[in-house]
Amino acid sequence: MRKGQSLVSIEELERTDIESLLDTAARMQENRSAYAGLLTHSILATLFFEPSTRTRLSFESAMARLGGHIISAPNASEMSSAVKGETLADTIRMVSGYADVIALRHPRVGASAEAAEVSRVPVLNAGDGAGEHPTQAILDAYAIVRRHGSLDGLTVAALGDLAYGRTIHSLALLLAKFEAVTLRTVAPRGLELPKDLATAVREQGLRLEAADSLVDAVRGADVLYVTRLQKERLPAHVATSPGLYAVDHAALDALPASAMILHPLPRVDELPTWVDGDPRASYIEQAHGGVYVRMACLAAVLGASL
Ligand code: NCD
């Protein structure tokens, strides 16, 4: 990733960009204090028009760990001038004069692309509706590589709302950049991976397989990636009921001992708390790694010399 570059979609990155971010994140995690003054005098603006715990706080923690400053609108849909009718483009034009980089979360697909277009500073997409969440995919990859050493040749089973969950969209695009990766999907009817995305990642070489059951999906898998039902985005015609899908004992019995269980979090009913005691449960560590991945992303787009 180069200085000044926005990150709207994983599509904008090469495999080598991802590898270099993962490598930087690992070095930062190993020797955090060595990077404590890397971004002194830089300012990150976090502009969040949707709820967030991990993404916003880990972006802010990442900037603080690099010695930079943060200005934050965590509740921008209610507390920014959007309430007065200001357009996103105008808000971004303003904020890009106040900060050196912007992390933006917005309920509309394409909002980050629109922001990147008008911004004078890099915009990092921290989730645009049911679109993408690229830094989440990089942190997912970070967790996987730390456990398995590489993404090449792996089998990832994805369970959940694959239609409206943006993290799996970015993750599928990321996995497609690696060699001989299989993505097995299990989703309730109507919540399958969007067709356009499925076609695109297949063309890029991802082996995409729809499984009939969770047990079938996890057999021989290296990663079980679980996502929650995106209640806030589901159209009325998609039937929803709590308990539509969940990790169960049969699935964990079929999942290899060497596999890991990931979840972008927050989890609701799909990942019962009893799973936390399983040695393969890796989602807390996964989320913590997000700080280092976001440190690496901030350093890259701000052109810090590493
Ligand atoms: C995800 C998101 O916001 O897309 N959360 C996160 O950033 N870790 C997943 C979700 O909300 O289900």
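Reader: Hi! Which domains does the domain assignment give for the protein chain?
Author: Domain 1 covers 10-133 + 290-301, and domain 2 covers 134-287; these bounds come from an automatic or database domain assignment. This is a predicted model, where local features need pLDDT of at least 70 and side-chain atom pairs count only at pLDDT 80 or more, while totals for chains, interfaces and linings use all residues. Residues are numbered from 1 along each chain as its sequence is written, and side-chain values use heavy atoms, with hydrogens and water left out.

Reader: Thanks! How many residues does the contact take from each domain?
Author: Domain 1 gives 33 residues and domain 2 gives 29 residues, with contact meaning heavy atoms within 4.5 Å.

Reader: And what area is buried between them?
Author: About 2600 Å², with carbon and sulfur atoms giving 61%. Buried area is the accessible area (1.4 Å probe) that two parts lose on being put together, summed over both.

Reader: Which three residues of domain 1 supply more of that than any other three?
Author: I10, R15 and H133, which supply 27% of the area that domain 1 buries against domain 2.

Reader: New topic: how many salt bridges cross the interface?
Author: The rule finds 3 between domain 1 and domain 2. A salt bridge needs a side-chain nitrogen of Lys or Arg within 4 Å of a carboxyl oxygen of Asp or Glu.

Reader: Nice. What does E50 form a salt bridge with?
Author: E50 pairs with R233, and their closest N and O atoms are 2.8 Å apart.
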